[in-house]
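Biologist: I would like to learn how to read the contacts between chains in a model like this one. Could you walk me through it?

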Protein chains: 4
Amino acid sequence: MIQFQCDYNEGAHPLIMERLLGTNMEQTVGYGEDPYCEEARRLVRQACGCSGADVHFLVGGTQANTTVIAHLLRPYQGVLAAVSGHINVHETGAIESTGHKVLALPTGDGKITAAQIEEAMLAHLHEDGPEHMVQPGMVYLSFPTEIGTIYSHAELRGIREVCDRYSLPLFVDGARLGYGLCSPECDITLPELARLVDVFYIGGTKVGALFGEAVVIVGEALKRDFRYSIKQHGGMLAKGRLLGLQFSTLFADNLYFAVSRQAVDEAMRIKSALQAKGIAFLIDSPTNQQFPIFNKEQLAALSDDFLFSVWQQVDEEHTAVRICTSWATKRENVDRLIAAIGRMP
Amino acid sequence: MIQFQCDYNEGAHPLIMERLLGTNMEQTVGYGEDPYCEEARRLVRQACGCSGADVHFLVGGTQANTTVIAHLLRPYQGVLAAVSGHINVHETGAIESTGHKVLALPTGDGKITAAQIEEAMLAHLHEDGPEHMVQPGMVYLSFPTEIGTIYSHAELRGIREVCDRYSLPLFVDGARLGYGLCSPECDITLPELARLVDVFYIGGTKVGALFGEAVVIVGEALKRDFRYSIKQHGGMLAKGRLLGLQFSTLFADNLYFAVSRQAVDEAMRIKSALQAKGIAFLIDSPTNQQFPIFNKEQLAALSDDFLFSVWQQVDEEHTAVRICTSWATKRENVDRLIAAIGRMP
Amino acid sequence: MIQFQCDYNEGAHPLIMERLLGTNMEQTVGYGEDPYCEEARRLVRQACGCSGADVHFLVGGTQANTTVIAHLLRPYQGVLAAVSGHINVHETGAIESTGHKVLALPTGDGKITAAQIEEAMLAHLHEDGPEHMVQPGMVYLSFPTEIGTIYSHAELRGIREVCDRYSLPLFVDGARLGYGLCSPECDITLPELARLVDVFYIGGTKVGALFGEAVVIVGEALKRDFRYSIKQHGGMLAKGRLLGLQFSTLFADNLYFAVSRQAVDEAMRIKSALQAKGIAFLIDSPTNQQFPIFNKEQLAALSDDFLFSVWQQVDEEHTAVRICTSWATKRENVDRLIAAIGRMP
Amino acid sequence: MIQFQCDYNEGAHPLIMERLLGTNMEQTVGYGEDPYCEEARRLVRQACGCSGADVHFLVGGTQANTTVIAHLLRPYQGVLAAVSGHINVHETGAIESTGHKVLALPTGDGKITAAQIEEAMLAHLHEDGPEHMVQPGMVYLSFPTEIGTIYSHAELRGIREVCDRYSLPLFVDGARLGYGLCSPECDITLPELARLVDVFYIGGTKVGALFGEAVVIVGEALKRDFRYSIKQHGGMLAKGRLLGLQFSTLFADNLYFAVSRQAVDEAMRIKSALQAKGIAFLIDSPTNQQFPIFNKEQLAALSDDFLFSVWQQVDEEHTAVRICTSWATKRENVDRLIAAIGRMP
């Protein structure tokens, strides 16, 4: 079985494994204060074009989201997010477990809009007794979203503007950031993104690393004491070297972007094959996740050799599945999938 | 200005004030262990027809909701509730502050259905990795709802059945319980209600008391250590006598039902007057809260002498307002309101 | 049985009951925004000599402590307090339930010192990795303490100075504030106290009110959005008038101080009688709580007619009990107790 | 500089690195449901002699402690632990952040006793109003303790007995479990330990793995829904294979015990050298952590070539330091340290 069901099936990019092996018996201090983390921080700052940012390395995405959000909000505040946002759906209430409501905004394409944020703020402020309701305290969005779509530069500027107007910190979940930035439809660069947000993270787990997310704090007010929050939420890896070394590898020589681009290229090849076959999509995604809608025969035909995630039952006859590529996707496996798509009923 | 904007504008029923005054200098032990609380517990159990129930007195509704829900749920569980439920909207995230997600179900009439609960459970259980999502751990509903509607006996039996099937405790918020049970359209009695739920509370604040809610725990499994939870959530009134005395007064000689019935009667008179005038309603409510939709001229005409809550902007021209009666509503004030309605443009 | 076991056995001062009765059927808006609360806020500010303070009325002490502390601290911070502090012992972990550690400091007399606070801060800052430990984020102390002792003006100034040096907000639990300020040994006034702290509360429950604590926020930075925290913690009483009216009564004509002084006077009479009899004390308390140590015969002799709290087993033969007076203590009952003390073996 | 300051300076045992490399491009499902985790679970159960235990793999110790404790306790309960316990000192209030108090028991040697636990339970139960205090809900102990001491089989049986008497689950933090079990003074085996506890974890991070802790749940009542808690606390590693593979390597062919024994052997060689030199110790530790007390000259002499943790200032002249060995400690480095100790002033 060839697996396309997610983007974390394999281990890490060979260069990372090589460096892990090469440094395995070196003695370093713990908790992210070793030279590899220092180097990684330098490279990440450079890639983001913000020399003043604080960079922290955490193990996983739920941890990163929870730590950032719990660190930012005051106790009676909640976080504005798409109803389909990862924090609202797939983190077992991690945000709520820290005392905060996810203020879910409706969405069809996984994105939220500046207008929605403004509307939420106005609705809150115009309440007769606003203190009876959760105060919106920040904005969370995913880039790309959980269903593969991406925000345009203009959309993000619009959101930034509203955030400024209402003093809302803007947090971007970049678990798949590389696959968004390297999409052919993306019109924003990493430094441009970094300038528009208060805090975001660069996903490693799904983009070449064994594990690890680089939290980049741009907003001055949010930097204070962040390491306390990391530790409290169980996110401070004893052997910080493992994280530093992975990110320093990914951000030396643009490896992060190279592997991201390759994954998106393979996804686009699959997308084209599906389109050529006349297959409809749940959503038009320009990134590494594709959501074709198959009928039962098609699904059965492909399921002999390939593994997908069932995403959503569309109707009695049709199912939307998720097909993911990643940094580890082999071209020959994509070739086989394309051939199988061609042979589908 | 005559106030109809809520059902907690005045103090307490004169009989309660009289007894508070009469016992003021008596010395009693604190924290709900005095003879007045004992007597009140006995009377409440009797009114509910469940001699084995545990009865606790708390000061307010947010406290009661938070204490019960935090006591029942395991850390990774959430509470199923109508999107318009008080806990989801008007308690500043109190439930989330204890670590739990409110799993909001859509509703038009303020009620949730057995089918919705079952669907939520099936959706959760059929998830590929259910542990990535919040587990539904109990059901919350309001009787009457926040917009004045009530569940029929059959609807509640249906919900009970689903709750049994999925081992979900059922909790009823009865902040306005009297106004529901004494509605002309209500087909369920207090003992019948008590038999269908695991825990509920009988609202005093809005129904004749100065303040106070009587939490009635029917389900054996939920009783253990509840006083710890009351204390932890700041709900254990030092001078418990104040609560015991109020509830023993309300539940002696059926006072609770007498004052409730009177409030609903007055609301029905207002409703008839509005219907006679051809006014539309946001919802057809058979209880003490009425939600007529006025145009600008009508609203202006009434606003000279009467105070309402603005509930919802319906369109450019029309506004839904809330008109509340209560145990304290004076017949002559209702007469004046009816006359003014008759004179409206 | 005459009860001396606590200072919340009775109801409220007759003047309060009278006003509650007199205003019972008035219609007021809820949640602390009525004219009685406004008046009470004005009077409390005046009594505190700080016209710029924010004043909020909450129902009880646990609620007040939890709301203030959860509002002030950042998630990874804890509160420095005496190991015997009410928040560390008798609130069922309410502070921890909001996510914060109580950083307990040892004490013999119920008080903490400026030196202890400084030592705790230095120990934290000199840690190799301070982010692995809870950061001290504020100071909590009780005035008077849980065992009746009081801080001198000089002691409080010393604590203030350390708090300033380390940017620690200072919070004073004044559940029995009147009994401290009216002690013959007290050398600080309410306005002087208010100038030294960031936030404190004036206890009503134990000092003349039916219930209620007035939280006074002096520090500008702590004022923002406090009503959200009150509501979230279930502390926003629907019928705010009840609280406003009680505090406006207590702070008109110095009633609060008059009733406090009387209670302390009676306690001093009891203390003298005990001293005359040669009874030892657990601690030398100049306020309304006295902690004499009785042998078994003495305890038995008094227990026929009087109720005390057993405080602590001192040794096989001796028990320290708590004897409380309050605003409601009758002179004739104290006379009887004194006579009984005289007759003790 | 040769580092002895902690037991997590290096990476992982070469066999682990080799297997990570060998399986790097295999495709496996995520979240601990891959064949490597299955195999590791089987081997861990076998090593523990409890075929019915649930085994879960988490990334780090703070995560493991927080997840287990938050999963076990009811909201108003706390965890009994040594005042020097890791959860009470070095986890930035992670336990409190989930709402629970750490009920700290005094200790000189890092251990708590059955008598202390019983005393805490009796004190709680004999309280006049126990619901005003945090209810002890479980027992936490570390094996070995944070200062290297270990419990005897008899001590643990005694604790188990008290836990049974008061229905307290017993949780053992085994971050350094191997170094305890392989101590020459240890009289208990892993299966014997597993039979005495309800839940414990086997530390990998400090004992041969890159990272990872294996939580073993023995008590039937504690098993339900544990994966929800792992996910909520951010502890569910996407690429579960990494953990499964590490633990299957450590528990095949007794590698875990082999590397542990070697580390303890080296620690004993250092201990003997220190004893031969007449150096006193803060505590007599039979495991991989040693706490010698050096004077200034001695400390200076060793600090040129070796890195230790400063543990505690003993007096003006003397400092206790921590010297750790681990699975990675090289014999030649210990030889050099021993030589240097011999040359100390």
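Modeller: Gladly. Let us begin with a term: a polar contact is a pair of N or O atoms within 3.5 Å, where, within protein, one must be able to donate a hydrogen and the other to accept it. Keep in mind that this is a predicted model. Between chain D and chain A, 25 residue pairs are in polar contact, both residues having pLDDT 80 or more.

Biologist: Which parts of chain D supply the side that touches chain A?

Modeller: Strand 1 (2-3), helix 1 (14-22), helix 3 (61-72), helix 5 (94-97), helix 10 (226-232) and helix 11 (241-250) of chain D each give at least two residues. By class, that side of chain D has 21 nonpolar, 17 polar and six charged residues.

Biologist: And how many salt bridges are there between chain D and chain A?

Modeller: The count is zero.

Biologist: How do I judge the size of an interface?

Modeller: The accessible area lost when the parts come together is often used. Chain D and chain A bury about 4,000 Å² between them, with 56% from carbon and sulfur atoms. Here 44 residues of chain D are in contact with 44 residues of chain A.

Biologist: What area is buried between chain C and chain A?

Modeller: About 2,100 Å², of which 47% comes from carbon and sulfur atoms. C:Y76, C:E131 and C:Y228 supply 35% of the area that chain C buries against chain A, more than any other three residues. In terms of contacts, 23 residues of chain C meet 23 residues of chain A.

Biologist: How many salt bridges join chain C and chain A?

Modeller: Two. In one of them, the side chains of A:E131 and C:R227 meet at 2.5 Å, N to O. Helix 3 (61-72) and helix 10 (226-232) of chain C each supply at least two residues of the side touching chain A, and helix 10 of chain C gives the largest share, five residues. That side of chain C divides into eight nonpolar, eight polar and seven charged residues.

Biologist: What rotation superposes chain C on chain A?

Modeller: A rotation of 180 degrees, with 0.0 Å of shift along its axis and an RMSD of 0.0 Å. This is the relation of a two-fold axis. The same surface serves both copies, since 100% of the contact residues of chain C recur in chain A.

Biologist: Which residue of chain C comes closest to the rotation axis?

Modeller: That is C:R74, whose C-alpha lies at 3.9 Å from the axis.

Methods
Residues are numbered from 1 along each chain as its sequence is written. Chains are lettered from A and ligands numbered from 1 in the order in which they are written. This is a predicted model: local features need pLDDT of at least 70, side-chain atom pairs count only at pLDDT 80 or more; totals for chains, interfaces and linings use all residues. Side-chain values use heavy atoms; hydrogens and water are left out. Copies are superposed by least squares on the C-alpha atoms of residues with pLDDT of at least 70 in both. Contact means heavy atoms within 4.5 Å. Buried area is the accessible area (1.4 Å probe) that two parts lose on being put together, summed over both. A salt bridge is a side-chain nitrogen of Lys or Arg within 4 Å of a carboxyl oxygen of Asp or Glu. A polar contact is a pair of N or O atoms within 3.5 Å; within protein, one must be able to donate a hydrogen and the other to accept it, and residues adjacent in sequence count only if both atoms are side-chain atoms. Helices (H or I, at least four residues) and strands (E, at least two) are DSSP runs, numbered from the N terminus. Ala, Val, Leu, Ile, Met, Phe, Trp, Tyr, Cys and Pro count as nonpolar, Asp, Glu, Lys and Arg as charged, and the others, Gly among them, as polar.
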